[in-house]
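Colleague: Please take a close look at one part of this model, the open sheet, and at the charged side-chain pairs that go with it. I would like one connected account.

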Amino acid sequence: MKNNKYLFALVLLAITFPLLRAKTIYNTQYNQFKGLSIPLDAQLSQGCLVVDNPSVEPRFLLDTTPIDIDSFNYYLRIANAHNKEGKHYPVYNRQGKKIELEATSIGIVFNFRDKENYDAVKFECSNTFRHNDILDRRIMQATVVKVVDGNERVVASEIIENPIKKNGDFNVIGINVNNGELTVLAGESRLLPVFKENLICDIIRHSKIGCYMGSGAKVELERSVLSFQQSSNVNVETA
């Protein structure tokens, strides 16, 4: 049929694919640390969030953003005011008995489900030969622990050789988690790897991340930074 006209329909197909966008969440004095679960006894002082831990049990300053991804970075600019060489700090057990501590630790908690189930990287200073001024040197040690049902197991431990302050001053600490591998970072002003090799790390979905405060520690937190790749769906029409 010569005079017949054929109608060609242009069919548009909608294709959806995920697009990754970087997302970074800051908590500082400028937003009143609003992304953190701040305890009632916390104070704001000189641009820092200050939290004391007079208990024999650790405390946790948690980020309100749940971890639901396998790869992320988390950094803190932080000081432990109860980390002065030669000083002792009082803590109290559940019976109210006073105990004096010399070494206290701070760090990063992750895979946090509750107070008896979590992973943490703890940073603690000590002296190698307290009563020998010739051989003595002050060191900071990073220790990765896993706590299950309240029982702590040491996964790895290393003396930090990077330039870092060891007497209650500010440092930067962090972790990078990338599809099952954990990199621990620390330094005075630059984040440098602590361990020679990455550690195996399985991230538990819907868990929390934040600041770890060991017994007797006094945290001064200047900022926390959580960054990750966020997936969003994008529709593209094709003929």
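Modeller: What follows goes through the sheet and then the salt bridges. The model is a predicted one.

The open sheet has six strands in the order β4-β16-β8-β9-β10-β11, and their pairing is antiparallel. Its edges are β4 (59-62) and β11 (151-159). Each of these edge strands has a single partner strand, so one side of each is left without a neighbour in the sheet. On average, and with direction ignored, neighbouring strands of this sheet are turned by 25° against each other.

Within that order, β8 and β9 can be followed residue by residue. Strand β8 covers residues 105-114 and strand β9 covers residues 117-127; seven bridges pair them in the antiparallel sense. One point of contact is Ile108, whose bridge partner in β9 is Val121. Strands of a sheet pair through backbone hydrogen bonds, either parallel or antiparallel.

Side chains of opposite charge can pair when their charged atoms come close. Glu158 forms a salt bridge with Lys196, at 3.7 Å from N to O. Glu158 lies in strand β11, while Lys196 sits in the loop between β14 (192-193) and β15 (199-200), so this pair ties together parts that are 38 residues apart in sequence. The two partners can also be described by their accessibility: Glu158 is partly exposed, with a relative accessible area of 24%, and Lys196 is exposed, at 76%. The value for Lys196 is over the 50% cut-off for exposed, which is why Lys196 gets that label.

In one, Lys98 pairs with Glu100, and the closest N and O atoms are 3.6 Å apart. Lys98 counts as partly exposed at 48% relative accessibility, and Glu100 also counts as partly exposed, at 41%.

In the other, Glu222 pairs with Arg223, with the closest N and O atoms 2.8 Å apart. Glu222 is partly exposed, having a relative accessible area of 24%; Arg223 is partly exposed as well, with 34%.

Technical notes. Residues are numbered from 1 along each chain as its sequence is written. This is a predicted model: local features need pLDDT of at least 70, side-chain atom pairs count only at pLDDT 80 or more; totals for chains, interfaces and linings use all residues. Side-chain values use heavy atoms; hydrogens and water are left out. Two strands pair if DSSP finds at least two bridges between them. Helices (H or I, at least four residues) and strands (E, at least two) are DSSP runs, numbered from the N terminus. Axes are lines fitted to C-alpha atoms, for helices over the stretch in contact, and angles run from 0 to 180 degrees between N-to-C directions. A salt bridge is a side-chain nitrogen of Lys or Arg within 4 Å of a carboxyl oxygen of Asp or Glu. Buried means under 20% relative accessible area, exposed over 50%, partly exposed in between (1.4 Å probe, protein chains only).
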